[in-house]
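This briefing goes through one protein chain, from its overall form down to single residues. Keep the sequence and the 3D view open while reading.

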Amino acid sequence: MARIGLVVLAAGRARRFGGGHKLLATLRGAPLLWHTLDAARAAPARPLVIVVGHRQRAIRATLARFRGARRGAPPWRVVYNPRHASGMASSLQAGLAALPASCAGAVVLLGDMPDVRATTIARLCAAYVPGAAAVVPFSAGRRGNPVLLGRPLFAAVAGLRGDEGARRLLARAADVRTVEVPRGGFADVDTRRDWRRARARRR
């Protein structure tokens, strides 16, 4: 299987959350970001890169407290995006640039997805064929995140601007593969209402 990296985006301002930093908000007894990292750490994709920006000191502090992180070297590399205020595109670019050339692609994981599963990431990696543009997960006919971007798309990602993600690139790419994943796990937390819903769900 091709070597696939994993990029966790944790640099945004989270303006829609309405006060405080959503990635630090407590969910089921732990910071929201920790739930995403549980899946990332258990997934087969490596290396793991975490992109930070807004309130980077607080994010780095919660990473240092992450369960098991103190027992040895953390299983990730933290990359600071000095252009984080410009939007998601610059953080995506920073994360992909931090991966070694030996990576044939990268799974891009949003830091605010507390129900994402390591098995979903594993299925994306298993479905990737070197040279393909991407692998996109589907569940019950619905497309979601995370998405695996193949190295053929990395150059195009460098041309993104502002808060644009890879959706437009995926729509134009010729070889985008799909994989069916278990129901659930696609929901992210943008608002306080989303956070309350996440608190009510069982993982």
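The model is a predicted one. The chain holds 7 helices and 10 strands.

**The chain as a whole**

- The chain has a radius of gyration of 16 Å, which agrees with the value near 17 Å that a compact globule of 203 residues would have.
- The C-alpha trace spans about 40 × 35 × 35 Å along its principal axes.
- Buried residues make up 52% of the 203 in the chain.
- Among contacts with a separation of 6 or more, 76% come from residues 24 or more positions apart.

**Surface and charge**

- Trp 34 and Phe 66 form an edge-to-face pair, with 5.5 Å from centre to centre and 85 degrees between the planes.
- Trp 34 belongs to helix H1 (residues 32–42), while Phe 66 belongs to the loop between helix H2 (56–64) and strand S5 (77–80), so the pair ties together parts that are 32 residues apart in sequence.
- Trp 34 and Phe 66 are both buried.
- One aromatic cluster is formed by Trp 34, Phe 66 and Trp 76.
- Helix H1 is mostly covered, with 8 of its 11 residues buried.
- Among the buried residues of H1 are Leu 33, Trp 34, Leu 37 and Ala 40.
- An α-helix has 3.6 residues a turn, so residues three or four places apart point the same way.

- Thr 120 is part of helix H4 (residues 118–127).
- Is Thr 120 buried or exposed? Its relative accessible area is 3%, and buried means under 20%, so Thr 120 counts as buried.
- Beyond its neighbours within four places in sequence, Thr 120 is in contact with Pro 137, Pro 146, Val 181 and Pro 182.
- Pro 146, one of those contacts, is joined to Asn 145 by a cis peptide bond with omega of about 5 degrees.
- A cis peptide bond also joins Arg 46 and Pro 47, where omega is about 5 degrees.
- Pro 47 is placed in the loop between H1 and strand S4 (48–52).

- Which phi does Arg 55 have? The value is positive, about 50 degrees, although Arg 55 is not a glycine.
- Arg 55 is located in the loop between S4 and H2.
- The relative accessibility of Arg 55 is 43%, so Arg 55 counts as partly exposed, the class between 20% and 50%.
- Ala 140 is not a glycine either, and its phi is positive, near 55 degrees.
- The loop between strand S7 (134–139) and S8 contains Ala 140.
- Exposed means over 50%, so Ala 140 counts as exposed at 52% relative accessibility.

Note on methods. Residues are numbered from 1 along each chain as its sequence is written. This is a predicted model: local features need pLDDT of at least 70, side-chain atom pairs count only at pLDDT 80 or more; totals for chains, interfaces and linings use all residues. Side-chain values use heavy atoms; hydrogens and water are left out. Helices (H or I, at least four residues) and strands (E, at least two) are DSSP runs, numbered from the N terminus. The radius of gyration is taken over C-alpha atoms; the globule rule is 2.2 Å times the number of residues to the power 0.38. Buried means under 20% relative accessible area, exposed over 50%, partly exposed in between (1.4 Å probe, protein chains only). Contact means heavy atoms within 4.5 Å. Rings of Phe, Tyr and Trp (its six-membered ring) pair if their centres lie within 6.5 Å; planes under 30 degrees apart count as stacked, over 60 as edge-to-face and the rest as tilted.
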